[in-house]
Amino acid sequence: HRAYQRLGAHLGTQDETSGAWFSVWAPGSKHVSVIGEFNAWNGGTHPLNPIGHSGIWSGFVEHAQNGQAYK
């Protein structure tokens, strides 16, 4: 239900720091990370964490901004 509200990139805060929450569905994956302009496209900088056994991986990237490209 309403997966678009959770999956993808969403601007927000964590501990009063601005950035973006990233969540993807990647069942069977052993490692997932987000890369983009905010980390010079470095795959090891922002790993995502699995949410139980749901297949969803999620994490917060400090200082990510609207309009920055990411994968």
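W21 is partly exposed, since its relative accessible area is 33%; here buried means under 20% relative accessible area, exposed over 50%, and partly exposed in between (1.4 Å probe, protein chains only). F60, by contrast, has a relative accessible area of 14% and is buried.

The model is a predicted one, in which local features need pLDDT of at least 70, side-chain atom pairs count only at pLDDT 80 or more, and totals for chains, interfaces and linings use all residues. Residues are numbered from 1 along each chain as its sequence is written, and side-chain values use heavy atoms, with hydrogens and water left out.

The average pLDDT (the predictor's confidence in each residue, from 0 to 100) of the protein chain is 94, and 100% of the residues score at least 70. Confidence is lowest in strand β1 (residues 8-14), with a mean of 95, and highest in strand β3 (residues 49-50), with 97. Strands (E, at least two residues) are DSSP runs numbered from the N terminus.

**Aromatic pairs**

In the whole structure, 3 aromatic pairs are found. Rings of Phe, Tyr and Trp (its six-membered ring) pair if their centres lie within 6.5 Å; planes under 30 degrees apart count as stacked, over 60 as edge-to-face and the rest as tilted. Two of the pairs are set out below.

| Pair | Centre distance | Plane angle | Class |
|---|---|---|---|
| W21 and F60 | 5.0 Å | 55° | tilted |
| F22 and Y70 | 5.0 Å | 70° | edge-to-face |

Because W21 belongs to strand β2 (residues 17-25) and F60 to strand β4 (residues 56-62), their pair ties together parts that are 39 residues apart in sequence. F22 lies in strand β2 and Y70 in the segment after β4, so this pair links parts 48 residues apart in sequence. F22 is buried, at a relative accessible area of 5%, whereas Y70 is partly exposed at 40%. Together with F38, F22 and Y70 make up one aromatic cluster.

**Surroundings of H46**

H46 is found in the loop between β2 and β3, and its relative accessibility of 18% counts as buried. The side chains of H46 and N39 are joined by a polar contact of 3.0 Å. Such a contact is a pair of N or O atoms within 3.5 Å; within protein, one must be able to donate a hydrogen and the other to accept it, and residues adjacent in sequence count only if both atoms are side-chain atoms. Leaving aside residues up to four places away in sequence, H46 touches S33, V34, F38, N39 and V61, where contact means heavy atoms within 4.5 Å.

Methods:
Helices (H or I, at least four residues) and strands (E, at least two) are DSSP runs, numbered from the N terminus.
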